[in-house]
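Please open the structure in a viewer and keep the selection panel at hand.

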Amino acid sequence: MNATHRLELRDICIQLGDQVLVELDAEIGPGEVLTVMGPSGSGKSTLLAYLAGFLAPEFRAGGQVLLDGHDISGLPAERRGIGLLFQDPLLFPHLSVAGNLRFGMPRDSTDKAARVDKALANIGLAGFGDRDPATLSGGQKARVALMRLLLSAPCAVLLDEPFSKLDTHLRHEMRRLVFDRLREAGLPSLLVTHDGEDAEDAGGRVIELSH
Amino acid sequence: MMLRLAPVLLVALLVAPILAGLGMALLPAFGYLPALGGDSLSLAPWRALFAEPGIWRSATISLASGLLATAISLAVVLLYLAAATGSRLDRWIRRLVSPLLSIPHAAAAFGLAFLIAPSGLVARLASPGLTGWERPPDLLIVQDPWGLSLIAGLVIKEIPFLLLMSLAALPQLDPERRVAMARSLGYRPTLAWWKVVAPSLYPLIRLPVYAVIAYASSVVDVAMILGPTLPPTLAVSILGWFSDPDLDKRFLASAGAILQLGVTATALAIWWGLERLVARLMGGWIARGGRRRGETGLHVAGKLWILLATVIAFFGIAGLAIHSVAGFWRFPDALPGSFTAAHWARVLPSLAGPVASTALIALCATLLAMVLALAALENEQRTGRHPSRALWLLYLPLIVPQIAFLFGLAVVMEQLGTRPTLALVAFGHLLFVLPYVFLSLSEAYRRFDPRWSRLALTLGASCNGAFWRVRLPMLLAPILTALAVGLAVSIGQYLPTQLLGGGRVTTVTTEAVSLAAGGNRRVIGVWALVQACLPLAGFILAVGLPRLLWSRRRGMQGAP
C-alpha cells in the first residue's frame, strides 16, 4: 500500500452545450490532497463524475487525466483505479461488515480473511466482521467505508464532501483519520467541499470554483 | 452487446404478434383466407355478421359495460384515496390490494356469482326473514340481460388494479404537502385532495385506465360466467364462432374481431370525450373555491364503496370455499347442513395435469419476461439514457382487445404449421405478462440509488459484477414481487390459452371457466378456489423469501 502515485489534470474543461462549467489544471502528488471549493451549482459534482468516469452523455469534456503518466479519461469507471468516498458511507446493506470490506479487494489478493481482520482492528472495530452494517453507529460506518476504499487498492481517491453528514464532534476526528490514512498510503486525493474547515484540515492546496 | 438489443427485442416481441394477429383478422374479415377457400375480397362476412340476431345488442352491451365498469372502478378508487387518512382501515385496505389483485378474474367472478345468485349466500342470509322466500326466487340475477352483474364482477377486479397503479404514481406528487397547503387555505381535507391532487394524478394513471376500458369492453372469461347469454357480449360471440366446427364461421369471427376492435376504439373515444367534459366541470368547481360543502358526503362515500367491494370479493372467495366442501345444503339455510371432502376427492385426480401445465406455462412466460425486462432496464441504466418513448408500446397488448388479435395470431400459427403446444401458449402469455412484469419492476429499478452501482464500479467491480453482486440482491424484493405479478397474470389468462392451445392445452383457468356452463357449484368451488390460491402462493413467497434471507440484515427489511 505504500506505492506512490501521481494524478495530473491537464487543461480539464467540461461543457454543457456552449456553457463552460469547470476549467481546471492541476497536479496532485503522492499523499497530497487538493481541495476544490465552491458553492452548489459550481460544477463540483460534475468534475467528480468526470474524473470517476460517470459523466452523463449530455456533457462534453476536454483535456487529459493522467494517472501515473497514463491517460485514463477514455477508460470505463471500473478500470480507472480511482476510488470514491461519498457523503454517505453507503455500506452495502445485504452484506456483512466483512463482506463489505472484501467486496473491493482485488481478486488475486491472498489471505483475504486475515487482511479483513487486520483492517478491522486497525480502525478499532476488531470482531465486527460478522455484524450487520445497519447496526453500526454513524462514525463506525464511516470508518468501515474508508477501510473498504483503502482495501480496494486504488491509485487515486476522490472525496465527495465525505464529512458533511457527520456530527460536529465526529467530523474533526474523521478528517484526521481519512487524511492520515490517505497520506500513509501515498495516494493523491481530490477533495470536493463547501466547508472551509475541511480544506484547512486537508492541509493541501485549495482551488476555488466560481460560477 | 446483447443488452443493447434488449429494448428493441422487447418492443418487437410485443408489437409484431399484435400486428400479425390484427392483419390475419382483417384479411378474412373481407373474405380472404385461401386455406379455407376465400380467394377474393368481399363484404360477405360483414353481411353475415350484421345478419346475426342481436349483434347490435351484443356490441352495445360490450361498449356500455366497458365504460361503466371503468367509470365506477375509477370513481371508487379516487373517492377512497381522497378520503384516506392513514387510519387502520386504510392501512388494512392497502395491504389487501396485492392479494386481491392476484385473484384471477374467473375466480372472482365465480365468487360473485355464488354470492348474488337467487340461491346464493346473500339471498340465504336475507331469507326468509327479510324476503319471505322459502325457495330460491325465479330471478335472473347472474347473467342478467343488462350486464349489470358482469359490470359488478369487473369492478371488483379493476378496483385493486387502479388502486395499485395510483399508489405507485402518488409519491411523485407529494400529496401530503399539497393537501396541507390547501388545508391551510381553509379547504376541508377530502375536498382539498379532490381539488389539488386528483387533477395531477389522473394524467399519471391514464394509460392503466385505458387498459381497463379495453379489457372490460372485450373480456371473455368474466362475461362467460356473469355476462348475458341471449345474446352474449360481442367477445363471447366471437369466441363461439371461432370454435364452431363449421370452418366457414371463421370469416364471421374475423369480421366480429374487427367489429370488437371498433367497439373498444369507440369506448376509448367516448372516454376521451368524457375526460374533456369532466376536466372542464372540475375546472369550474375548483375555480369557485368551495372549501366545505360536500366534504362529509365525499368522505363517507370514499370509505363505504371500497369497503363494500373488498368485502364482496372476500366473501366471494369464502363462498367458493364453503361450496367446495358443502354437503346437503337446504335453502334458505345460511350454512350447509353437513360438510364433505367428497368434491375435493372427486376432483383431485384430474387436478394434477392442469395444475402442472398452469405452473409450467406461468413459470416459462414469467421467467422469460423477467430476463427481458431486467435486460432492458439494465441497458437503460448503463447507457444513462432516459426511458425511451417507445415504451408506451408496452401498453399495446393491454389496450388492443385480446380477442381481436389473438384470434388472428392463432390463424397465423396454423398457417405456419405450428402445433398447439405448451410453448406456444407460454409465448402467448408472455405478451400479457411482459408489460406487467416490466411496469412492476421499472418503478423500483429506476428509483434505485445510482450511487450503489457507481460505488461498486469504483471499488473495481465490472458492470456485470455490479449487476449480479449489488443491484440484483438489493432489488430482490421488488424482483420477487414482479415475478409474483407475472405468475398471477399468466395463471389468470383464459383466452390466449384457449385460442393458441387450440383447446388441447388445459389449465386450471380453462377448466374452471368451462365448468361455468355446467353449473355444478360444488365442483366449480373446488376449481375456482384452486385457481385463486395458485397466484397467492407466489405472493406469499415474494413477501416471505426476502424476510427469511435478510433476517440478519436490518437495512434490507422493508427495502425499496
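**The domains of chain B**

Begin with chain B of this predicted model and colour it by its domain assignment: domain 1 covers 1-42 + 346-560, and domain 2 covers 53-238 + 264-340. The C-alpha centres of domain 1 of chain B and domain 2 of chain B are 25 Å apart.

Next, select the contact between these two domains, to which domain 1 of chain B contributes 29 residues and domain 2 of chain B likewise contributes 29 residues. On the domain 1 side, display α17 (396-399), α18 (402-415), α22 (476-492), α24 (508-515) and α25 (521-549) of chain B, the elements that each give two or more residues. Of these, α25(B) gives the most, with 12 residues. Colouring this side of domain 1 of chain B by class shows 21 nonpolar, five polar and three charged residues.

**Chain B as a whole**

Of the 560 residues in chain B, 48% count as buried.

**Where the chains meet**

Finally, select the contact between the chains, where 23 residues of chain A touch 20 residues of chain B. On the chain A side, pick strand β6 (residues 82-85), which gives the most, with three residues. By class, this side of chain A comprises 15 nonpolar, five polar and three charged residues.

Methods. Residues are numbered from 1 along each chain as its sequence is written. Chains are lettered from A and ligands numbered from 1 in the order in which they are written. This is a predicted model: local features need pLDDT of at least 70, side-chain atom pairs count only at pLDDT 80 or more; totals for chains, interfaces and linings use all residues. Two residues are in contact if their C-beta atoms, placed from the backbone, lie within 7 Å. Helices (H or I, at least four residues) and strands (E, at least two) are DSSP runs, numbered from the N terminus. Ala, Val, Leu, Ile, Met, Phe, Trp, Tyr, Cys and Pro count as nonpolar, Asp, Glu, Lys and Arg as charged, and the others, Gly among them, as polar. Domain bounds come from an automatic or database domain assignment. A residue is buried if 20 or more other C-beta atoms lie within 10 Å of its own, exposed if 12 or fewer, and partly exposed in between; C-beta atoms are placed from the backbone.
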